[in-house]
Amino acid sequence: KCYFGPRCRFLHDVGEYLAVKPADLGGTCVLFETFGKCIYGVTCRFAQAHLGDGYQNIINTDLAKQWEGKSLVRNNLSKDLQHQLRKRKFSFKKADEYLRGLAKSHSNEQGEDPKPDALQSPISTGDEEASSIKTVGPLTDEDVIKLRSCEKKKLEIQGKLYLAPLTTCGNLPFRRICKRFGADVTCGEMAVCTNLLQGQSSEWALLKRHHTEDIFGVQLEGAFPDTMTKCAELLNQTIEVDFVDINVGCPIDLVYKKGGGCALMTRSNKFEQIVRGMNSVLDVPLTVKIRTGVQEKINVAHKIIPKIREWGASMVTVQG
């Protein structure tokens, strides 16, 4: 039944629809051949491959069962998570702890007395009610004792072909083609950490991972330790990645003028705080992409790389 009645602009008769529908583009439907069913039914431009009597959509049950419960594309942004981010209800427990320590050490360097209400009181995360409820169950120490660097998952890519992250080009379909041609390691396009923390769907689309990408990382761009550390903790809890990369090579004016991208190479204090902070909240390896230098004919990469290793990064890639 259509509740719009005579005001409705759509067809309700399948035969009438097929009479005006353009001819099919081919005799086989790739979705039906691969997954055992085509979700587009009669509207598919290859519909004759999977339409039966009375224009019913045919389903190959044996093939469809093989794909049941399997997700082809992972790292999607759920509505619940988007709501938490927009309402600022997501808990950044580890990041807040690191940032409080950062603020305390900064005030000690300045010779100031840290304000007890601003620095020492725990930040409200909305979990006060939950913590008052007595629970019975196993006690784990993962939130008390952090993973040591030797206990973290290793990034074993020796002898493997790494497809560099390519902004506005290295999207999911492009990476799938490259995987087919022999790429071993893939990385998502540069994602801006502030946009991810705001729950922007367009930015979260850059984190999507196809099931054929067996070694996959995401690349983040940011200029400050608070947003970058929080974003790292957010991704650590919500998506499946093998490594996280920091973009310290982007020369775009919009990024550079805010202190991000290759500008971080000239802001060593902030750069160090970002790397140490992200490394403290991640359970996967942290990598860094830098340039040979910022000004023309003045190379500084050889001075920065040893420091990045001390700060905790697992790998540095250099963009010429």
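H5 and H13 cross in a right-handed manner, a crossing being left-handed if the near helix is turned anticlockwise from the far one by less than a right angle and right-handed if clockwise. Their axes lie 9 Å apart and the helices pack at an angle of about 145 degrees, where axes are lines fitted to C-alpha atoms over the stretch in contact and angles run from 0 to 180 degrees between N-to-C directions. The model is predicted, with local features needing pLDDT of at least 70 and side-chain atom pairs counting only at pLDDT 80 or more, while totals for chains, interfaces and linings use all residues. Residues are numbered from 1 along each chain as its sequence is written, and side-chain values use heavy atoms, with hydrogens and water left out.

On the H5 side, Lys94, Ala95, Tyr98 and Leu102 meet Gln273, Arg276, Gly277, Ser280 and Val281 of H13, contact meaning heavy atoms within 4.5 Å. The residues of this contact divide into 4 nonpolar, 3 polar and 2 charged. H5 itself spans residues 93-110, and its buried residues (under 20% relative accessible area, 1.4 Å probe, protein chains only) are Ala95, Asp96, Tyr98, Leu99 and Ser107.

H13, residues 268-281, also packs with H14, residues 301-311, their axes coming within 9 Å and crossing at roughly 35 degrees. This crossing of H13 and H14 is right-handed. Ser268, Phe271, Glu272, Val275, Arg276 and Asn279 of H13 make the contact with Ile304, Ile308, Glu310 and Trp311 of H14.

How values were computed:
Helices (H or I, at least four residues) and strands (E, at least two) are DSSP runs, numbered from the N terminus. The expected span of a helix is 1.5 Å times one less than its number of residues. Buried means under 20% relative accessible area, exposed over 50%, partly exposed in between (1.4 Å probe, protein chains only). Ala, Val, Leu, Ile, Met, Phe, Trp, Tyr, Cys and Pro count as nonpolar, Asp, Glu, Lys and Arg as charged, and the others, Gly among them, as polar.
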